[in-house]
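Please open the model in your viewer, with the sequence panel beside it, and keep a selection tool at hand. The tour moves from the whole chain to single residues, and each stop says what to select and what is there.

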Amino acid sequence: MKPSVHAVSQYGGTTGNLTGRIALHGFSNNPQGWFAWLADRLPLDGEVLEVGAGTGKLWSEVDPRGLRLTLTDFSAAMCEQLRSVPGARVRQCDATELPFGDASFDSLIANHMLYHLDDPTVALREFSRVLRSGGRLAAALNGRDHLEELRAIGPAVGRPELLRGLVVNELVAENAAEMFSRFFDDVTVERYPSDLEVPAVEPILDYLATLTLEPLTPAEQSAVREFVQPTIDAEGNYRIRAHTVLVTAATCS
């Protein structure tokens, strides 16, 4: 399944799947949650554009008042929720065809959205186009081993297609520096130090429910419990590796 097709099926008409996935990351063992950590590192000067803004969760950590902020998403459901962000201009559009003129923004944020695109280089070219000279980009990506322990659950319980919910294109943390450098200068990659320590099976079941259009059957839910619970009993939690990075860069001179 193409990443874009999967994204439409998951997010086109609802905010629930994204909200459910964010919830699992509340079990991060980093006392500074992802959005707070990200907020400390964002370029927020001048005209600010967030592409693929989702539910707008970032703006619960960053006060948008006083910013000249534009939020976009391909999903009508997401855009409806984004309109509750104070002072933000909201546009529904595709990340590969941004409806803005050249050199329109000083800062651009792309938080966990580039892997939903069939060809992320098209979006990176667009990001470079709409940023002004000296403009800054901040983009979040995952590594190949991100949530590896979750990936193991699907095959173990007879639902290998659950992996489609974690589908990615070729752009990952491991090759981000090389790919971003085709379009930007001063590329840096910083890893967010965090794993997830989940103390019960239910949050994992809730997360898995967001990955598929076919709900887990009672038997499959029991299989998940049988797979996860022994680790929780032995270690106090089910530890899930998280591999998330923030890529920052500047427009080429």
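The stops below begin with the overall view and then turn to strands, cores, helices, rings, cysteines and backbone angles.

**Before you start**

This is a predicted model, in which local features need pLDDT of at least 70 and side-chain atom pairs count only at pLDDT 80 or more, whereas totals for chains, interfaces and linings use all residues. Residues are numbered from 1 along each chain as its sequence is written, and side-chain values use heavy atoms, with hydrogens and water left out.

**The whole chain**

Show the chain as a cartoon, and you will find ten helices and nine strands; helices (H or I, at least four residues) and strands (E, at least two) are DSSP runs, numbered from the N terminus. The C-alpha atoms fill a box of roughly 55 × 35 × 30 Å along the principal axes. The radius of gyration is 18 Å, which agrees with the value near 18 Å for a compact globule of 253 residues; the radius is taken over C-alpha atoms, and the globule rule is 2.2 Å times the number of residues to the power 0.38. Of the 253 residues, 51% are buried, where buried means under 20% relative accessible area, exposed over 50%, and partly exposed in between (1.4 Å probe, protein chains only). Among contacts (heavy atoms within 4.5 Å) between residues at least 6 apart in sequence, 76% join residues at least 24 apart.

Select strand E1 (residues 47-50), which pairs in the parallel sense with strand E2 (residues 68-73) over four bridges; two strands pair if DSSP finds at least two bridges between them. E1 also runs parallel to E4, joined to it by three bridges. Now centre on Val48, whose bridge partner is Leu69 in E2 and Ser107 in E4.

Next select Gly52, in the loop between E1 and E2, where a relative accessibility of 22% makes Gly52 partly exposed. Leaving out residues up to four places away in sequence, Gly52 touches Thr72, Asp73, Asn111 and Met113. The C-alpha atom of Gly52 is 8.4 Å from that of Asp94, although 42 residues separate the two along the chain.

**Two nonpolar cores**

Which residues have the most contacts inside the largest nonpolar core? Select Leu108, Leu114, Phe127, Phe180 and Phe184, which hold that place in a core of 30 residues. A nonpolar core here is a set of buried Ala, Val, Leu, Ile, Met, Phe, Trp, Tyr and Cys residues joined through side-chain atoms within 4.5 Å. Elements that each supply at least two residues of this core include strand E4 (105-111), helix H5 (120-130) and strand E9 (244-251). Apart from this core lies another, of 23 residues, among them Phe35, Ala39, Leu82 and Ile109.

**Helices H9 and H2**

Select helix H9 (residues 202-209), in which Pro203, Ile204, Leu205, Tyr207 and Leu208 are buried. The cover over the buried residues of H9 includes H2, helix H10 (218-235) and strand E8 (238-241). In helix H2 (residues 16-24), pick out Asn17, which is buried at a relative accessible area of 18%. Beyond its neighbours within four places in sequence, Asn17 is in contact with Gln10, Tyr11 and Thr210.

**Aromatic rings**

Rings of Phe, Tyr and Trp (its six-membered ring) pair if their centres lie within 6.5 Å, with planes under 30 degrees apart counted as stacked, over 60 as edge-to-face and the rest as tilted. The count by this rule is four aromatic pairs. Select Phe100 and Phe105, whose ring centres are 5.1 Å apart and whose planes stand at 85 degrees, so the pair is edge-to-face; Phe100 and Phe105 are both buried. Then select Trp34, Trp37 and Tyr192, which ring pairs link into a cluster.

**Cysteines**

How many disulfides are there? The count is zero, a disulfide being a pair of cysteine sulfur atoms within 2.5 Å. Select Cys79, whose sulfur is 7.5 Å from the closest cysteine sulfur, in Cys93, too far for a bond. Cys79 is buried at a relative accessible area of 0%, and Cys93 is buried at 12%.

**Two positive phi angles**

Most residues other than glycine have a negative phi. Ala103, however, has a positive phi near 55 degrees; Ala103 lies in the loop between strand E3 (89-92) and E4 and is partly exposed, at 36% relative accessible area. Finish at Leu147, with a positive phi of about 55 degrees, which sits in the loop between E5 and H6 and is buried at 2%.
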